[in-house]
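Subject: Structure handover

Hello,

Here is the structure for you to look at. My notes on it come after the sequence and the coordinates.

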Amino acid sequence: MAEVLLKDVGLALTMNDAGEELSGADILLKNGQISAVGTGLSAAEVLDCSGCLVTPGLVNTHHHFYQTLTRAVPGAQDAALFGWLQTLYPIWARFTPDHIRTSAAVGLAELALSGCTTSSDHLYLYPNGARLDDTIEAAAEIGLRFHPTRGAMSIGESDGGLPPDSLVEEEAAILEDCIRVIDAFHDPSPGSMCRVGVAPCSPFSVSRELMRDAAVLARDKGVMLHTHLAENDEDIAYSLEKFGCRPGQYAEDLGWTGDDVWHAHCVKLDGSEINLFAQSGTGVAHCPCSNCRLASGIAPVRAMRDAGVKVGLGVDGSASNDAGSLVDEARQTMLLQRVAHGPSAMSAREALRIATRGGAEVLGRGAEIGQITVGFRADLAIWDMSGVEAAGSWDMAALLLAGPRKVRDLFVEGRRVVAEGRIASTDLTPHLQRQRQLAQELADHS
């Protein structure tokens with residue numbers, strides 16, 4: 001792999017333990033890693049980064065890529081979570097592998113343009129022959145580091161669940177396919193581009209037995225666990241009624257706490273649950289834009305961080321956001337904590353730290369990504385601060401207070417995925433054309 005030198009960086013936010021911010025530094029990328037950071041470095045390929053802010057690549061800890069085909073759907077635009085799901089499930093039931101693969105490619109490209117180098121995906125429905133493999137193929141084409149999770153739903157409408165029966169699976173088949181995709185695609189080696197997780201959709205869409213069995217399976221295979229938890233008031237009420245306890249207790253009882261577990265949303269965690277997560281090393285994917293869009297509430301991120309909970313950011317599904325920009329999630333995180341707790345509750349730098357190093361730690365990659373440190377993977381976002389968005393800014397590091405909102409260049413494993421503001425790893429045009437066509441067909445038959 002060729003060497004690339006990021007030359008004369010305007011400012012580099014390293015996110016290292018010392019919180020160093022380096023002005024005028026050179027960053028050498030070699031063999032997929034950050035090989036050197038200093039001045040006067042040289043390489044065959046040189047990229048001028050004067051006037052640019054360089055950050056570690058942003059890390060997305062929760063997404064549903066298939067939903068990029070159902071943005072701004074009438075009937076779902078103004079609903080809370082459960083009503084929103086009931087509107088969209090019949091549409092999603094018509095998806096095919098083509099829908100899953102195309103929506104993942106477009107969603108990954110959108111994330112890349114927002115500075116994201118690593119993304120998870122929670123795919124929990126598999127209609128008409130769709131497989132997790134479809135999203136993994138898309139990620140390989142776009143070039144992002146990928147953490148796909150094999151989601152599942154097993155309780156349909158006829159059994160008192162939310163999803164139509166056509167979207168649920170037999171639990172034995174779910175576990176069998178989890179084993180298949182882990183064996184086929186999970187790569188635990190350093191620098192891995194694909195790590196598979198096990199991810200039943202939520203406590204209200206699968207049985208207690210599947211939650212427990214999934215945890216046992218994941219630990220036997222050495223992979224991580226992921227689900228939705230404590231997303232809104234309805235979620236808490238369901239847990240109290242059906243399980244006789246709060247979501248955090250339910251998770252702990254079934255083996256769903258630990259440093260190999262991360263939960264999405266956690267808007268309604270109380271103090272005891274926050275302490276449980278901190279003590280057990282359980283991670284949280286904070287999804288502020290989606291939580292606002294569905295009126296779920298403001299997650300207690302300040303309290304989580306202060307208690308020592310690992311917190312990363314998630315875009316969540318594009319049908320509940322509806323954008324796919326991780327830098328916007330970081331900005332929204334900062335703003336919401338200020339609304340809730342005052343103007344000094346969260347700085348732009350802390351929000352960026354959550355978006356980079358925080359997400360890396362949640363996904364179990366804290367020793368590999370999320371920092372500009374020699375030996376870490378060469379996952380970097382380069383932000384051009386000379387444009388209109390940042391004009392007049394006194395502090396280049398305050399990216400979230402002004403802009404820009406799209407990267408100039410993006411490197412993943414030392415390979416250029418975005419160049420001069422455009423996807424460079426593949427031709428995105430046919431994917432966008434197919435996306436528009438598929439979305440229109442879905443709308444015409446709804």
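The notes below cover helix packing, aromatic pairs and a few backbone details.

This is a predicted model, in which local features need pLDDT of at least 70 and side-chain atom pairs count only at pLDDT 80 or more, while totals for chains, interfaces and linings use all residues. Residues are numbered from 1 along each chain as its sequence is written, and side-chain values use heavy atoms, with hydrogens and water left out.

Helix packing

Helices (H or I, at least four residues) and strands (E, at least two) are DSSP runs, numbered from the N terminus. Two packed helices are described by the angle between their axes and the distance between the axes. Axes here are lines fitted to C-alpha atoms, for helices over the stretch in contact, with angles from 0 to 180 degrees between N-to-C directions.

Helix α4 (residues 171-185) and helix α5 (residues 208-221) have axes that come within 11 Å and cross at roughly 20 degrees. The two are therefore roughly parallel to each other (angles under 35 degrees count as roughly parallel, over 145 as roughly antiparallel, 65 to 115 as roughly perpendicular and the rest as oblique). On the α4 side, E171, I174, L175, C178, I179, I182 and D183 meet L210, D213, A214, L217 and K221 of α5, where contact means heavy atoms within 4.5 Å. By class, this contact of α4 with α5 has eight nonpolar, no polar and four charged residues (Ala, Val, Leu, Ile, Met, Phe, Trp, Tyr, Cys and Pro count as nonpolar, Asp, Glu, Lys and Arg as charged, and the others, Gly among them, as polar).

Helix α4 also packs with helix α3 (residues 132-142): the axes come within 11 Å and cross at roughly 25 degrees. α3 and α4 are therefore roughly parallel to each other. In this contact L132, D133 and I136 in α3 meet R180, V181 and F185 in α4. The residues of the α3 contact with α4 divide into four nonpolar, no polar and two charged.

Aromatic pairs

Rings of Phe, Tyr and Trp (its six-membered ring) pair if their centres lie within 6.5 Å; planes under 30 degrees apart count as stacked, over 60 as edge-to-face and the rest as tilted. By this rule the count is 10 aromatic pairs. One of them joins Y89 and W92, which is edge-to-face at 5.8 Å centre to centre with 85 degrees between the planes. Both residues lie in helix α1 (residues 81-92), three residues apart, about one turn of the helix. Y89 and W92 are both buried (under 20% relative accessible area; exposed is over 50%, partly exposed in between, with a 1.4 Å probe and protein chains only).

The rings of F204 and Y238 have centres 5.9 Å apart and planes at 70 degrees, so this pair is edge-to-face too. It links distant parts of the chain, 34 residues apart: F204 is in the loop between β11 (197-200) and α5, and Y238 is in helix α6 (residues 233-243). F204 and Y238 are buried. Ring pairs also link Y66, W84, Y89, W92, F95 and Y124 into a cluster.

Backbone details

The peptide bond from N321 to D322 is cis, with omega near 0 degrees, and D322 sits in the loop between β15 (310-313) and α11 (326-341). The bond from G403 to P404 is cis as well, with omega near 5 degrees.

A230 is not a glycine, yet has a positive phi of about 50 degrees. A230 lies in the loop between β12 (224-229) and α6.

Regards
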